[in-house]
Amino acid sequence: MNATETTDVLIVGSGFGGSITAYHLAAGGAKVTVLERGPWLNSEEFDHDFKFGSSTTRVFDFVVGDGMSVLGGNCVGGGSVVYFATMPRAPRFVFERHGSIGRRMWPAAIDRDALEPWYDRVAEALPVTPTSWDEVPYIGGVFAAACKAAGHTANPSPSAVDTSLCTNCNWMMSGCRFDAKRSLLLNYLPAALSHGAEIRPLHEVQKITKLDTGDYRVHYNTIDEVDYRQQTGSGTIDAKIVILAAGTAATPVILQRSEPELGRMPHAVGRYFSGNGERLNTAVLEDDKVRELLGLSRDEANAYGAYQIGRGPVVASWDRLDGDLPEYERFSLEQLYFPPGFGTILAQVPDAKGPSWYGPEKKEMLRKWRSWLTVFTMSEDDNEGVFGPPPPTGNSERLSQQLLGFGSLRYRPTENTLRGWEVSDAAVRDILEHNGLARVMPWTNDVIGAYTVHPLASCRIGDDPETSALDDRHELRGHPGIFVTDGSAVPGALTVNPAFTIAALAERAVPGIVHALRERGVEVHYGAPAPDGGGAARRGTAAAVRTVLG
Ligand SMILES: Cc1cc2nc3c(=O)[nH]c(=O)nc-3n(C[C@H](O)[C@H](O)[C@H](O)COP(=O)(O)OP(=O)(O)OC[C@H]3O[C@@H](n4cnc5c(N)ncnc54)[C@H](O)[C@@H]3O)c2cc1C
């Protein structure tokens with residue numbers, strides 16, 4: 001590798017924002033290079049094991065911040081390899097939110113109607129399909145029945161899982177061995193490769209500088225495949241266009257580190273981080289009551305017969321996704337399951353004075369781990385996260401060979417966020433403590449801080465240069481030719497799982513990037529079908545594409 005290596009488009013990160021843009025631009029004829037910090041694993045390498053060096057430790061990035069920890073993917077395919085593939089569209093009111101700035105956060109050009117055809121394109125590509133009640137596992141049924149008994153509604157969520165291939169192994173978080181989970185490894189990424197895109201794993205981008213020609217130089221380190229703390233080399237690649245898609249917890253850090261040489265960053269870079277208002281409650285079910293009140297029981301070979309990692313959320317309650325409710329009091333609740341090792345940390349003994357990690361009540365709770373039902377809240381927070389100065393390399397100071405690092409994110413929930421959590425906690429108790437069905441153990445934010453698997457908004461789109469880092473075409477303000485297409489571009493909490501919205505926004509950003517490439521003399525066309533060749537969803541986006549490309 002030498003300093004004169006060049007490409008048309010350099011993409012940082014291979015999750016949703018990276019893979020989708022890589023496919024379309026490569027299919028359009030651009031030379032595309034993707035640098036991904038994590039390893040490249042395929043189906044047969046996804047382990048059902050927690051051992052060090054298994055896919056469980058290799059494909060995750062867990063960054064502990066001050067008041068907020070973030071779990072994300074760290075491999076080719078990014079978060080799509082580790083996600084639960086629950087894929088709801090964001091509710092209409094989300095796009096009208098004002099949040100902490102007192103006026104509409106989203107750009108005027110984007111509302112739910114405008115994004116709808118882009119969702120359709122992603123739905124065709126992955127694909128995303130409805131889930132039937134027949135596919136709902138026992139614990140999803142318990143949650144649905146509990147909701148019904150307490151006067152709430154619940155529904156199976158749409159998902160990107162091919163249930164005909166799913167074996168219910170419960171290890172989907174460590175990567176799906178059976179190709180049932182429709183990660184990006186099965187659609188956009190192979191399609192990008194077939195059009196000549198190059199994907200380089202174990203390449204961690206550190207910063208971007210600018211050349212006199214107006215092109216950008218991207219600086220990376222290569223990373224040891226076992227000990228991610230070890231750097232094995234370094235290099236640079238020059239590109240006409242850079243697309244940052246390193247994820248919400250990494251993209252602003254790269255820009256912060258680039259600022260001294262690249263020039264002043266927009267104020268919103270590294271600010272307005274949202275944890276998607278996330279919170280967990282663990283309910284310990286009284287199995288006798290579940291039988292008596294809901295008429296449901298597990299057979300002996302029950303779904304929790306092993307130390308499992310969970311199948312992910314399948315049933316959700318969307319009663320509170322009502323635009324007429326006050327902002328910060330709208331949320332969704334999803335049934336989930338976390339294994340005891342993790343749950344021990346998360347679940348608290350009710351009414352405990354301070355943290356009580358041990359003691360008889362905690363032991364009793366752990367004894368009943370087979371009867372746990374974790375409920376996952378996604379609510380409206382206040383975009384109150386701020387990134388401090390960047391660490392020397394990467395997006396955290398790595399503490400262990402794989403998985404764990406300390407990041408610079410600081411998060412102090414505001415009164416608005418806290419009120420949202422209070423209202424949603426009350427709803428969870430209302431559903432699950434009804435008639436003594438379960439005891440709900442509150443989440444331990446006070447002990448270990450908040451936690452999110454859906455980080456958003458640290459480099460967001462918007463119309464106001466003061467409160468958004470990107471314009472409505474995802475171009476970084478003041479730095480033409482740098483685009484951001486990952487979760488950091490989403491303006492705020494979505495009250496539902498975000499991958500579908502991140503992906504739809506990335507699809508929507510592509511024509512603008514094609515335009516920027518053409519302006520720089522790269523002949524590239526736009527109009528590739530879905531990765532499997534399907535074109536049904538293309539018609540819906542034609543008018544929007546024309547406004548950008550003519
Ligand atoms: C356990 C878990 C379950 C989830 N379940 C769901 C779900 O059911 N539904 C849903 O909608 N969402 C879910 N998510 C969230 C979803 O995975 C993310 O919202 C989504 O992947 C974000 O996409 P992205 O493009 O922003 O970034 P990512 O998918 O995170 O991709 C970013 C990529 O960039 C790489 N990278 C980072 N820094 C650098 C660097 N410096 N140089 C090069 N590469 C870099 C990372 O390794 C990563 O591969 C889940 C997440 C987790 C952790």
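**The ligand shell and the salt bridges**

Author: In this predicted model, several elements each supply at least two residues of the shell around the ligand, and they are helix 1 (16-27), strand 4 (68-73), helix 3 (79-82), strand 7 (203-210) and helix 13 (499-519). Strand 7 gives the largest share of that shell, with three residues. There are 37 residues around the ligand, and those that come nearest are Glu 36, Gly 79, Thr 86, Gly 487 and Ala 499. Sorted by class, the shell holds 19 nonpolar, 14 polar and four charged residues.

A polar side-chain atom of Glu 36 is placed 2.6 Å from an oxygen atom of the ligand, while for Gly 79 a backbone N or O atom lies 2.8 Å from a ligand oxygen atom. Cys 75 also takes part through its backbone, where a polar atom is 3.0 Å from an oxygen atom of the ligand. On its own the ligand has 1000 Å² of accessible area, and the protein covers 96% of this.

Turning to the charged pairs, a search of the whole structure finds 27 salt bridges. In one of them, Arg 200 is paired with Glu 5, with the closest N and O atoms 2.3 Å apart. This pair links distant parts of the chain, since Arg 200 belongs to strand 6 (residues 198-200) and Glu 5 to the segment before strand 1 (6-12), the two being 195 residues apart. Arg 200 and Glu 5 are both buried.

A second salt bridge joins Asp 238 and Arg 217, whose side chains meet at 2.7 Å, N to O. Here too distant parts of the chain are linked, with Asp 238 in strand 9 (residues 231-244) and Arg 217 in strand 8 (residues 216-223), 21 residues apart. Asp 238 counts as buried because its relative accessibility is 8%, which is under 20%, whereas Arg 217, with a relative accessible area of 24%, is partly exposed.

The salt bridge between Lys 51 and Asp 49 has its closest N and O atoms 3.9 Å apart. Lys 51 counts as exposed because its relative accessibility is 56%, a value over the 50% cut-off, and Asp 49 is partly exposed at a relative accessible area of 27%. Finally, Arg 89, Arg 112, Glu 116 and Asp 120 are linked with one another in a network of salt bridges.

How values were computed. Residues numbered from 1 in each chain as written. Predicted model: local features only at pLDDT ≥ 70, side-chain atom pairs only at ≥ 80, totals over all residues. Heavy atoms only, no water. Near = heavy atom within 4 Å. Polar contact = N/O pair within 3.5 Å; in protein donor to acceptor, adjacent residues only side chain to side chain. Areas by Shrake-Rupley, 256 points an atom, 1.4 Å probe, with all protein chains shown as cover. Helix = DSSP H or I, 4+ residues; strand = E, 2+ residues; numbered from the N terminus. Nonpolar A, V, L, I, M, F, W, Y, C, P; charged D, E, K, R; others polar. Salt bridge = Lys/Arg side-chain N within 4 Å of Asp/Glu carboxyl O. Buried < 20%, exposed > 50% of the residue type's maximum accessible area, 1.4 Å probe, protein only.
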